[in-house]
Amino acid sequence: MAVMAHSLLNSVGVISGAAETIKFHWDRLDDPVKIELLDKIIAQSSLVTGVLGDLVRSGRPEIVEALDHLQEEVEKG
């Protein structure tokens, strides 16, 4: 559990830092730097999603089933 928590906190820190950098320094950033920061946000968001998915799937079956159903609804739009 501690490893998962550390991973989540680290990823959220990267996401937050990259987003703040983009927000507060947009005009001073070159396009390649903007893309690099956005790529970091995307990668870390995927990591968070994966860790949270693993955490949820290790829980009670009815919770897993309900979340799978919600995910299907989100993907449908």
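The following questions and answers concern a predicted model of one chain.

Residues are numbered from 1 along each chain as its sequence is written. In this predicted model, local features need pLDDT of at least 70, side-chain atom pairs count only at pLDDT 80 or more, and totals for chains, interfaces and linings use all residues, while side-chain values use heavy atoms, with hydrogens and water left out.

Student: In what order do the elements of the chain run from the N terminus on?

Tutor: Helices (H or I, at least four residues) and strands (E, at least two) are DSSP runs, numbered from the N terminus. The chain has three helices and zero strands. The order is therefore α-α-α.

Student: What is the radius of gyration of the chain?

Tutor: This value is taken over C-alpha atoms, and the globule rule is 2.2 Å times the number of residues to the power 0.38. For 77 residues the rule gives 11 Å, and the chain is well over this, so it is more spread out than a compact globule. The radius of gyration is 16 Å.

Student: Against which helix do the buried residues of helix 2 pack?

Tutor: Buried means under 20% relative accessible area, exposed over 50%, and partly exposed in between (1.4 Å probe, protein chains only). In helix 2, residues 31-57, the buried residues include Leu37, Ile41 and Val48. The buried residues of this helix pack against helix 1 (2-25).

Student: Does Leu67 count as buried, partly exposed or exposed?

Tutor: Leu67 lies in helix 3 (residues 61-76). Its relative accessibility is 35%, so Leu67 counts as partly exposed.

Methods
The expected span of a helix is 1.5 Å times one less than its number of residues. Contact means heavy atoms within 4.5 Å.
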